[in-house]
Amino acid sequence: MTQVSSSTELVTEAVLRAQGVKVYYGTNLAVRDVTLDIPFNKVVAFIGPSGCGKSTILRCFNRMNDLVASARVEGKITFHGRDLYASNIDPVETRRRIGMVFQKPNPFPKSIFENIAFGARINGYKGDMNELVEDSLRRAALWDEVKDQLQESGLALSGGQQQRLCIARAIAIAPEVILMDEPCSALDPISTLKVEELIQELKQQYTIVIVTHNMQQASRVSDLTAFYNAEATEGGNKVGYLVEYDRTEVIFQNPTQQATQEYVSGRFG
Amino acid sequence: MTTPDSQTFNKDQSTQEQYFTPNLSGRYKWDTVFASFTWLAVGLSVVILAVLLISVVWDGFPRLASDFWGFLTNFPSRKPEQAGLLSALVGTVWVMITVAIFAFPIGVGAGVYLEEFATDNWFTKLIEVNINNLAGVPSIIYGLLGLQLFVRFLEPMTGGRSILSGALTLALLILPIIIVGTREALRAVPDSIRQAGFALGATRWQVIWDQVFPIAIPGILTGTILALSRAIGETAPLITIGALTFISFLPENLQSQFTVLPIQIYNWVSRPQAGFHTNAAAGIIILMVVLLAMNGLAIFLRNKFQKRG
Ligand SMILES: Nc1ncnc2c1ncn2[C@@H]1O[C@H](COP(=O)(O)OP(=O)(O)OP(=O)(O)O)[C@@H](O)[C@H]1O
Ligand SMILES: [Mg+2]
């Protein structure tokens, strides 16, 4: 019943490619048979009801699931054509190249400067740290607001500023891909708009995957949208799966699946 | 999704109303009962503590007032008015420093391993349960262990009934407390901080050292100092391993024989002359001052690090 429309036509060059990915937590299958390509310098939105495995799939892309003891990933995920889960791939190096922004802003309880310098330092950054901090904050559209308080705690910022600090921190280590898991869900509408503008800006240089529950947001910021859904199994568990993946206009205006149609128009469930 | 129209909503509510009996006065009565009970519990413990303190100060203060300096700098003596607790005070300092040197790195290390590195399997669970149990083992058992292991078996290294043997025994005694305290401090660090670190390409050690420790260190230090204040008052295990009660020389190295404050106090209490009982009370005052100072240090460190964070 999964009808994934062929995505090859949309793809210039796939940075990340998932093929038949299944994720288990312990013995529970959480998501099954996810096959999709994340093209270069595009914004891909993941949408779908709660618990259908959006975050789970997102965490597979930078191997954050390695940190969940019970998680097990099956299938194949490639990054520039190389198997991300091959034994010669180092998860620590992978996470530098594929950054992540979390649902709740989580700056370190340190100065704004330190928040950004930390990632650079541990990854052996050789350049001028002051320049890097300024540049990252500028690109995250935060510089003007914080340039006089770089030594103050990152926790002293507002929620929206904290989230942009987290984005600045992520781009400071020059990743190729940024994974964002509901980055605006804890923010007010104005901060949300700022972050959305920022995403549009970042698209020039980065490939972005964003999970969101906000349909307008998905249609505003993304080029491609993947709709996930969950179905109950005989055992009573819910298993998530990819329903449809296409250009965002298609998903929102002319989806092939009825479930997608219902979900994007708010008549779901 | 349809929004319920407000009229049906109101009607529903009024029909539901009959199922609720607020009985506010009855509920407030229970509030008062519980508030009084907890107040009584606090009041009682404060009164008992106050009586204890006052009686000790009452008994011991004359000795401190008449010759405070002599009391601190004299060796024990047959004459109560000349007896002081120099050797016990110095012994306590030596023992506590040695205990800290052994127990802090090992306890914190074990706590970090169990909390941050170990995978959750039956083996680590077993270790966890055992450590929690060890924290509750009577201290005399540690004394027996120390006697056999450090005093007898390792005598060539420890020098027998020495500071080193005593310190190692006390270190074993407080190790579980430090481990449990360290784990609690680490567990209080939100996981989102670790996730943030890992997502930036940090190794586990970098995450722990740069992000987790700065947040956890006040808690770890507090736990350690509280564990050390437990060790400073321990008498039974040190008597078991054979610490002396009458020592008129200062320790020269870790293999020297020694005594500590609680043993000296115990010794004075068990003498028949009233003068020694006064000395014991004065010794208790000194011990309590040291304890209070350590607890004060714990609070100071916690506040200091918390402000910085
Ligand atoms: N650490 C975990 N351990 C066990 N099960 C988990 C874990 N994380 C997620 N799951 C399960 O995997 C399934 C998918 O969860 P996931 O967080 O990926 O959903 P989601 O689509 O991101 O939902 P939401 O929109 O609410 O964030 C859920 O059934 C959840 O219970
Ligand atoms: Mg999620």
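**Close-up 1. Two partners on one helix of chain A.** A:Glu93 and A:Arg96 sit three residues apart, about one turn of the helix, and both belong to helix H2 of chain A, residues 91-97. This is a predicted model, so keep that in mind for every view here. Look at how the side chains of A:Glu93 and A:Arg96 meet: they form a salt bridge, at 4.0 Å from N to O. If you go through all the chains, the count comes to 22 salt bridges.

**Close-up 2. Where chain B meets chain A.** How many residues of chain B are in contact with chain A? There are 19 of them, and they touch 21 residues of chain A. Three residues, B:Ala199, B:Leu200 and B:Gln211, supply 35% of the area that chain B buries against chain A, which is more than any other three residues give.

**Close-up 3. What holds the B side of the interface.** What you can find is three residue pairs in polar contact across the interface. On the chain B side, helix H8 (191-199) and helix H9 (204-232) each supply at least two of the residues touching chain A. H8(B) gives the most, with seven residues. Sorted by class, this side of chain B has nine nonpolar, eight polar and two charged residues.

**Close-up 4. A nonpolar patch on chain B.** B:Val93, B:Ile97, B:Ile101, B:Phe102 and B:Ile106 make a nonpolar surface patch of about 450 Å². One of them, B:Ile97, is found in helix H3 of chain B, residues 86-117.

Methods: Residues are numbered from 1 along each chain as its sequence is written. Chains are lettered from A and ligands numbered from 1 in the order in which they are written. This is a predicted model: local features need pLDDT of at least 70, side-chain atom pairs count only at pLDDT 80 or more; totals for chains, interfaces and linings use all residues. Side-chain values use heavy atoms; hydrogens and water are left out. Patches are made of residues with over 30% relative accessible area and no salt bridge: like charges are joined within 9 Å, nonpolar side chains (Val, Leu, Ile, Met, Phe, Trp, Tyr) within 5 Å. Accessible areas come from the Shrake-Rupley method with a 1.4 Å probe; for residues, only the protein chains shown count as cover. Helices (H or I, at least four residues) and strands (E, at least two) are DSSP runs, numbered from the N terminus. Contact means heavy atoms within 4.5 Å. Buried area is the accessible area (1.4 Å probe) that two parts lose on being put together, summed over both. A polar contact is a pair of N or O atoms within 3.5 Å; within protein, one must be able to donate a hydrogen and the other to accept it, and residues adjacent in sequence count only if both atoms are side-chain atoms. Ala, Val, Leu, Ile, Met, Phe, Trp, Tyr, Cys and Pro count as nonpolar, Asp, Glu, Lys and Arg as charged, and the others, Gly among them, as polar.
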